[in-house]
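Hi,

Here's the structure I promised to pass on. Have a look at it first, and then read my notes below.

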Amino acid sequence: MYSVRKVKTKSGSVAVQVVQYVGHRSIITKHIGSGKDELEINALRQKALGWIDEHCGQLSLIPDQKQRVLLVDRSDCIGVTLHFAFHFFMCCIDECELSHLPRLLLDLAIMRLIEPASKLRSLELLQNYFGIQYSRRIYRNIPKLVNYKTDIEHCAYNVAQKKFNEPFYFVLYDVTTLYFESFKADEFKNQGFSKDNKSQQPQIVIGLLVTQSGFPLSYEVFAGNTFEGKTMLPVVERFIAKYPQIKPIIVADAAMLDEERLTELREKKISYIVGARLANANLELVKCIYSTLNGSHGAMARFSSIHGDLVCDFSNKRYKKELTDLNKLIQKAEELVAKQSLKVKAKFVKKVTKEKIELNTELIEKRRLLLGIKGYCTDLSEQQLSNELVISRYHQLWHVEQSFRMSKFDLQARPIYHQKRDAIKAHVLICFTALIVEKSLELTTKLSLRQIRFLVMNITETHIQDRLTKETFTFHSPTKDILNTPLKSLILKWNLLPH
């Protein structure tokens with residue numbers, strides 16, 4: 001036990017010392033100094049107390065104003081908050097140049113990142129986790145958030161360009177659907193071809209444009225019964241109109257392969273790479289492709305087609321998979337023909353009369369010739385874009401598919417509970433904002449949102465209150481483990497460590 005002792009010296013001054021009592025003896029541990037008046041002596045005493053705090057971590061028997069004592073027996077835990085997680089995502093929002101947006105939009109986007117839920121549940125979690133309180137009257141403000149769409153897309157473009165140095169020679173486009181927790185349709189939320197196997201429920205169609213690495217740039221919301229081929233041009237034209245200095249090549253899958261759409265792209269001088277539907281090609285062209293590639297793994301060739309240049313390649317891995325699938329379909333067709341099952345539809349079966357079916361041998365032959373072969377259409381010549389580059393860029397489409405998975409599963413963008421058009425669009429905008437933050441973190445840390453969410457939500461603040469004095473003490477979780485992860489650089493950069 002250490003204490004401060006004052007001793008009068010022969011010169012008349014008062015010496016201030018830190019002493020330690022051992023048995024009945026006092027041992028001088030530290031001589032602080034001597035003072036002649038009360039002001040000097042008090043200053044030396046404070047210095048001595050500071051020395052004890054620094055070297056011993058000992059609480060004084062007579063606490064001063066700086067010391068706070070928690071008596072566990074008369075204290076209660078009054079709550080656990082996740083302010084660290086909130087500030088972590090807010091810092092990322094700031095880096096994505098989004099912090100000027102309405103606080104409601106940002107708070108709802110953060111809840112999509114931390115614990116996706118309905119808007120009502122999100123408001124409850126904002127209060128429970130962060131002490132942020134909203135009244136239910138904010139529902140009237142949610143539809144107004146759609147006015148910030150252009151601003152948010154511009155921020156996304158700037159982040160992709162400045163932070164990640166994204167080139168815009170190529171942009172990727174794809175379409176998905178989001179269904180409603182309802183069976184009541186209207187002109188906007190309507191039944192259509194569902195990518196979620198929810199054909200009985202109304203839906204909307206989302207067209208999304210992303211960079212080569214999958215960073216979201218722009219999107220549009222369409223009525224649920226819109227043919228996906230008609231969605232690409234409005235999104236692409238709007239993007240190019242905003243940034244006329246760039247002329248990107250649009251990469252899309254075979255669903256966009258429609259001569260009318262591709263003609264429109266060519267007329268507007270927008271270049272493209274789209275997946276080809278080789279099954280629809282004439283048999284003569286299929287035989288030419290087959291003989292040219294000759295079943296050689298990695299072989300590539302270019303042909304003329306009505307959709308522009310047709311680039312094809314052959315893969316052994318693709319061949320083995322497609323052969324297995326084809327044999328299963330042929331076996332099923334043969335069984336149906338043997339039984340003359342007219343009520344069951346199957347590939348490679350054709351009707352001869354109303355009461356007789358037989359194998360479609362021409363279609364089977366054509367399909368065998370195409371085993372292992374994939375086609376890609378482009379309006380660019382080989383001098384402008386090599387076969388290798390055409391195929392390489394097309395294979396990057398998985399990035400936009402990943403963005404849709406992130407939206408649907410990580411951010412739980414579906415099902416949608418809103419009914420009015422602007423509220424529906426505001427919901428999509430909130431998810432798009434959260435997707436910008438999620439993709440930014442993924443590209444920076446190489447961690448998934450699930451991994452990041454687990455790490456930051458483990459850093460909590462526990463609040464303990466003294467029942468008698470009502471004084472509240474806050475204890476932070478240890479940050480040692482999280483500093484051994486890829487999040488360390490961001491945490492130190494943003495100065496997020498508890499003080």
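The protein chain has 15 helices and 16 strands, taken as DSSP runs (H or I of at least four residues for helices, E of at least two for strands) and numbered from the N terminus. Keep in mind that this is a predicted model, where local features need pLDDT of at least 70 and side-chain atom pairs count only at pLDDT 80 or more, while totals for chains, interfaces and linings use all residues. Residues are numbered from 1 along each chain as its sequence is written, and side-chain values use heavy atoms, with hydrogens and water left out.

On overall shape: the C-alpha trace spans about 125 × 50 × 50 Å along its principal axes. The radius of gyration is 34 Å, whereas a compact globule of 499 residues would be near 23 Å (taken over C-alpha atoms; the globule rule is 2.2 Å times the number of residues to the power 0.38).

Inside, 49% of the 499 residues count as buried, meaning under 20% relative accessible area with a 1.4 Å probe, protein chains only. Looking at contacts (heavy atoms within 4.5 Å) with a separation of 6 or more, 61% are between residues 24 or more positions apart.

One local detail to look up: strand 10 (residues 300–305) and strand 11 (residues 308–314) run antiparallel, joined by six bridges; two strands pair if DSSP finds at least two bridges between them. They form a hairpin with two residues between them, and Ser-305 has Gly-308 in strand 11 as its bridge partner.

Cheers

Methods
Buried means under 20% relative accessible area, exposed over 50%, partly exposed in between (1.4 Å probe, protein chains only).
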